[in-house]
Amino acid sequence: MGSEGDEKRIIKKPRFLCLHGFRTSAEILKKQVHKWPQSVINELDLVFLDAPFPCQGKSDVEGIFDPPYYEWFQFNKEFTEYTNFDECLQYIEDYMIKHGPFDGLLGFSQGAILSAALPNLQDKGVALTKVPKVKFLIIIGGAKFRSPWVAEKAYSSPIRCPSLHFLGETDFLRQYGSELIESCVEPVVIHHPKGHTIPRLDDESLKTMMSFIEKIKKDI
């Protein structure tokens, strides 16, 4: 029995719930992430979730990826007021209760902003109160919430779980992604020359990512 238990520990993969970008979908994020080498994909158990709300306007990926498209919540131009935010948090928690447990969150764009805020919202008892703690983050094209209420809960204390961040040289969110990284205790950063996208991994970034994965595997 002991040897079987040891074997299970060896082969267990970090399980990530993956949250897609604004007005895209789980299937689109899956295609984007699978540009990464199989050596990375094989080390992670990735579960892709569609956001709860059908998109309420034009998607930036029309003509590139097929619909349907979804959004996690709606927001004003200043990104300071959100509609359906509580419903979004409840939707994610319900999914995690039914399909979990999950070790971490992987997010891109709107999904990244959401993912990075959730560990401290969970600690403050605002979200994910009925599921195990979020232990790891993979943040691609992320930023911070600007609503004072959400920001106070999400960033007033450091984000302590190990996190991997992708920061694009020409990403329009680059400045805000850098501010998010400053709020993290253990950030690992992969810089890439692209914009607001999920980049392919060159040799150096592949090495960084594999090192991050090996590190978190010891903590699951």
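**Pocket and core**

Modeller: Please keep in mind that this is a predicted model. By class, twelve nonpolar, eight polar and six charged residues make up the lining of the largest pocket.

Colleague: What volume does the largest pocket have, and how is such a space found?

Modeller: Rolling a probe the size of a water molecule over the atoms shows where empty space is left. Here the largest pocket has a volume of about 630 Å³, and among the 26 residues that line this pocket, Phe22, Ser109, Phe172, Leu173 and His196 are the closest to its centre.

Colleague: Which residues touch the most other members of the largest nonpolar core?

Modeller: In this core of 40 residues, they are Leu17, Ile92, Leu114 and Phe145. Elements that give two or more residues to the core include β1 (15-19), α4 (85-99) and α5 (110-123), and α5 gives the most, with seven residues. Another core, of 25 residues, lies apart from this one and has Val33, Phe108, Ile190 and Ile216 among its members.

Colleague: What is Ile92 in contact with, leaving aside its neighbours within four places in sequence?

Modeller: Ile92 is in contact with Leu17, Leu19, Trp72, Leu114, Leu118 and Leu128, once those neighbours are left aside.

Terms used
Residues are numbered from 1 along each chain as its sequence is written. This is a predicted model: local features need pLDDT of at least 70, side-chain atom pairs count only at pLDDT 80 or more; totals for chains, interfaces and linings use all residues. Side-chain values use heavy atoms; hydrogens and water are left out. On a 1 Å grid over the protein atoms alone, a cavity is a set of points where a 1.4 Å probe fits but cannot get out, and a pocket is an open set with protein on both sides within 12 Å along at least five of seven lines; lining residues have an atom within 4 Å of a point. Grid points are joined across faces, edges and corners, and a volume is the space filled by probe spheres set on the points. Ala, Val, Leu, Ile, Met, Phe, Trp, Tyr, Cys and Pro count as nonpolar, Asp, Glu, Lys and Arg as charged, and the others, Gly among them, as polar. A nonpolar core is a set of buried Ala, Val, Leu, Ile, Met, Phe, Trp, Tyr and Cys residues joined through side-chain atoms within 4.5 Å. Buried means under 20% relative accessible area, exposed over 50%, partly exposed in between (1.4 Å probe, protein chains only). Helices (H or I, at least four residues) and strands (E, at least two) are DSSP runs, numbered from the N terminus. Contact means heavy atoms within 4.5 Å.
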